Amino acid sequence: MVTIDELVAYSDALLQVGEFQDYCPNGLQVEGRGEVRRIVSGVTASQALVDAAIEAGADVLLVHHGYFWKGEPAPIVGMKRRRIAALLAHGVSLLAYHLPLDAHPELGNNARLAAELELSIEGWFGGGRGPDIACHGRPAQPLTPAGLAGWLETRLGRAPLHLPGRPERIERLAWCTGAAQSYIEAAAALGVDAFISGEASEQTTHLARELGIHYFGAGHHATERGGPRALGGHLAEKFSLEHRFIDIDNPV
């Protein structure tokens, strides 16, 4: 058992939340009961995940996508009220880490995606709101574009969107989980053959064609399961807690 204050203080320090200028508050977003024995982790604090965490008897719901995003309406009404009311009614704390959980070199989304895809990390890039969060490196062996697409589908359980570039072999690549398609130009400047992220925008097609870099949209949700799962497992081991990762299906 650990107190929620101890858990939050440790997690904030581990992920260096003070180093980031983020789009949302990182750390404790909704305070529940004071003692923690069981953590449920997941990607997004949707109503489905909140309900599943309550059903699982969680004291803490740990996510990558929490609440109170920059620019969203402030009133706690409608969908937001229902989600928060459910957490409060059952004493479940909401702990959310966004950019800090992308950047962590061992537990972060990009580090875990590298491990899942058997990619070696040779460097980091893509800072601006704090430490760098994106990676570049190499696959275990050179791949054709079709081979990389198949490997992504095998490992992530979702067929990626492939926007073709020019190289016939992918020997170096870069990646950044979630909605990081805007990093494609920075990735191309590194001289890599391909860039993997979660989503694609209309202009991503033109950038891939004109920069000559393969782009793979492997799914925002699919690429960001690793961080919450790894952090939840780490906290459970550190403080002798129960932990369960719950995956709420999302095709995006």
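**Exercise 1.** In this predicted model, identify which residues W69 touches, not counting residues up to four places away in sequence.

*Solution.* Step 1: leaving out residues up to four places away in sequence, the contacts of W69 are Y23, C24 and H98. Step 2: take Y23 from this set; W69 and Y23 are 46 residues apart in sequence, while their C-alpha atoms are 5.8 Å apart in space. Step 3: place W69 in the chain, where it belongs to the loop between β5 (60-65) and α3 (78-89).

**Exercise 2.** Decide whether W69 is buried, partly exposed or exposed.

*Solution.* Step 1: the relative accessible area of W69 is 24%. Step 2: buried requires under 20% and exposed requires over 50%. Step 3: W69 is therefore partly exposed, because 24% lies in between.

**Exercise 3.** Give the strand order of the open sheet of six strands, and name its edge strands.

*Solution.* Step 1: the order reads β7-β8-β10-β11-β12-β9, and the pairing is mixed. Step 2: β7 (119-125) and β9 (161-163) each pair on one side only, so these are the edge strands. Step 3: on average, neighbouring strands of this sheet are turned by 25° against each other, direction ignored.

**Exercise 4.** Describe how β10 and β11 pair, and state which helix packs on the sheet.

*Solution.* Step 1: β10 (residues 173-175) and β11 (residues 194-197) run in the parallel sense and pair over three bridges. Step 2: within this pair, F195 in β11 stands opposite A174. Step 3: helix α6 (residues 145-156) packs on the sheet and touches β9, β10, β11 and β12 (214-217). Step 4: the direction of α6 makes about 15° with that of β12.

Technical notes:
Residues numbered from 1 in each chain as written. Predicted model: local features only at pLDDT ≥ 70, side-chain atom pairs only at ≥ 80, totals over all residues. Heavy atoms only, no water. Pairing = 2+ DSSP bridges. Helix = DSSP H or I, 4+ residues; strand = E, 2+ residues; numbered from the N terminus. Axes fitted to C-alpha atoms, helices over the stretch in contact; angles between N-to-C directions. Contact = heavy atoms within 4.5 Å. Buried < 20%, exposed > 50% of the residue type's maximum accessible area, 1.4 Å probe, protein only.
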